[in-house]
Amino acid sequence: MKSETSVRFAVHLKAGDHIVIGQACGEPTTLVEALIDQGRDIPGLSAFIATSFSGLFTPATADSFALSSMGAIGALRSMTKAGKLQVIPVHVSQVGPLITAGIIPCDVALIQVSPADKQGNHSCGLISDYVRAAVDKARVVIAEINEAVPFTPGETIPASAIDVAIPVNRPPVEVAPAAIGPTDEAIARHCAAYIGDGAVIQTGVGAVPDAILRLLHDRKDLGVHSGMLGDGLVELVEAGVITNARKEVDPGVSINGALIGTKRLYDWAHRNPAIRMCATSYTHDAAILGRLSRLVTINSALEVDLTGQVNAEQSGAAYLGGTGGQVDFVRAGARSPGGRSIIALSASAKGGTLSKIVAQLSGPVTTARTDVDVVVTEYGAAELKGQSLAERTRRLIAIAHPDFREELDRAAHIIAQRGF
């Protein structure tokens, strides 16, 4: 490993190199800033990052390399709006395997890690998912070794795997908790009703997940097996609600792939044996998830059609989301003994002028209707698993915004007449 005070990409990169960058709050911002500044001096560069919350990638700054992603998540929406982001439709669990197979090319890995332990191993810190796959595949591994990044139990990167180390001491990317409104609280109440004592939860970050977690303080022995976690986790652990005591797999430990939150979360996770950061080959693995009972998974959507198809990616001409890990967890929750799989969304958008329960999707099918279990809006929960298409329409209309139910009834009548 060679240590440099600042990275010189012209020395380490070649024309046409494909770069894979650590994502979310594990984004190596010092390296990304250098890439933006120096990238135009190296022709033909391309880069892949699954999500970004740093705000560093904009149509103006990322004009010297081609950027691709699994979706328009976080601050990447501005890139898709400007037509500057190539979207690869892929489950987050498949990003690592596709890097390993060379389908998502990786000549250079840009990662952020914690300072090394006494054995010379660096923690992946705030993000594990596909980091090790990129490190193992890359010709050159450039690591931002950040004094401010926690050493989290789980996956580590040995110093021997790092070609160039850039020491920094700067706050990593933070994502502040979202403001929780009355609609979020109403959705959360319906979701929380499915989470009993001993349940294992998977959720994302945002207003609805945070609102759900706030309602769980009277539960006992909850467990966690998730792809991402936010600040709400800390409160439930400190309150003794999350113990992971009843989990069949990894008892006593919250399993996670990404920490997306603030310094409070990061400080809590530092050398905390109550959490383990894992690659998606573990967090999203069907065999591992299949061993968990009482698994309740909660994911979001942009819209759901009357038969239960879920679109979590695109609204008309605007690409706003991504595939993420939704399908892996929807299937796992729906199949778990005593578990449930929930798709949560508000019933309307744009000030109540647009229904999110629709006759036909305006974008792609992210999750098939054959996999969907429960759909929740602020108006209630529609349990769809095992129901006919006609019955699904009735249940979904009942949780649609009242202003759109008559219109949806007309579309449902056609389905009821033909039976499909």
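Predicted model: local features only at pLDDT ≥ 70, side-chain atom pairs only at ≥ 80, totals over all residues.
**Entry 1: the whole chain**

I began with a count of elements: the protein chain has 14 helices and 25 strands. I took helices (H or I, at least four residues) and strands (E, at least two) as DSSP runs, numbered from the N terminus. The radius of gyration of the protein chain is 22 Å, close to the 22 Å that the globule rule gives for 420 residues, so the chain is as compact as a globular protein of that length. For my own reference, this radius is taken over C-alpha atoms, and the globule rule is 2.2 Å times the number of residues to the power 0.38.

Residues are numbered from 1 along each chain as its sequence is written, and side-chain values use heavy atoms, with hydrogens and water left out.

Along its principal axes, the C-alpha trace spans about 70 × 45 × 35 Å. Of the 420 residues, 57% count as buried. Here buried means under 20% relative accessible area, exposed over 50%, and partly exposed in between (1.4 Å probe, protein chains only).

**Entry 2: a three-stranded sheet**

Next I looked up an open sheet of three strands, which run in the order β17-β16-β23 with mixed pairing. β17 (310-311) and β23 (357-358) stand at the edges with a single partner strand each, so one side of each has no neighbour in the sheet. I counted two strands as paired if DSSP finds at least two bridges between them. β16 (residues 303-305) and β23 pair in the parallel sense over two bridges. In this pairing I found V304 opposite I357 in β23.

The lining has 20 residues, and E303, L354, S355, K356 and V358 lie nearest the pocket's centre.

My terms: on a 1 Å grid over the protein atoms alone, a pocket is an open set of points with protein on both sides within 12 Å along at least five of seven lines, a cavity is a set where a 1.4 Å probe fits but cannot get out, and lining residues have an atom within 4 Å of a point. Grid points are joined across faces, edges and corners, and a volume is the space filled by probe spheres set on the points. Ala, Val, Leu, Ile, Met, Phe, Trp, Tyr, Cys and Pro count as nonpolar, Asp, Glu, Lys and Arg as charged, and the others, Gly among them, as polar.

**Entry 3: closed spaces**

How many cavities of 30 Å³ or more are there? I got two. The largest cavity holds about 50 Å³. Its lining includes T203, D210, L213, L229, D231 and L233. α7 (207-214) and α8 (232-238) are the elements that give two or more residues to this lining. The classes here are four nonpolar, four polar and two charged.

The second largest cavity has a volume of about 30 Å³. It is lined by I201, T203, L213, V224, L229, L233 and I242, which divide into six nonpolar, one polar and no charged.

**Entry 4: salt bridges**

I found 16 salt bridges in the structure, each a side-chain nitrogen of Lys or Arg within 4 Å of a carboxyl oxygen of Asp or Glu. I looked up three of them.

- R132 and D136 meet at 2.9 Å, N to O. Both lie in helix α5 (residues 131-137), four residues apart, about one turn of the helix. R132 is partly exposed at 27%, whereas D136 is exposed at 53%.
- D221 and R246 meet at 3.4 Å, N to O. D221 sits in the loop between α7 and β12 (223-224) and R246 in the loop between α8 and β13 (254-256), so the pair ties together parts 25 residues apart in sequence. D221 is partly exposed at 24%, and R246 is partly exposed at 38%.
- R264 and E235 meet at 3.7 Å, N to O. This pair links helix α9 (residues 263-269), where R264 lies, to helix α8, where E235 lies, 29 residues apart. Salt bridges that share partners join E235, E238 and R264 into one network.
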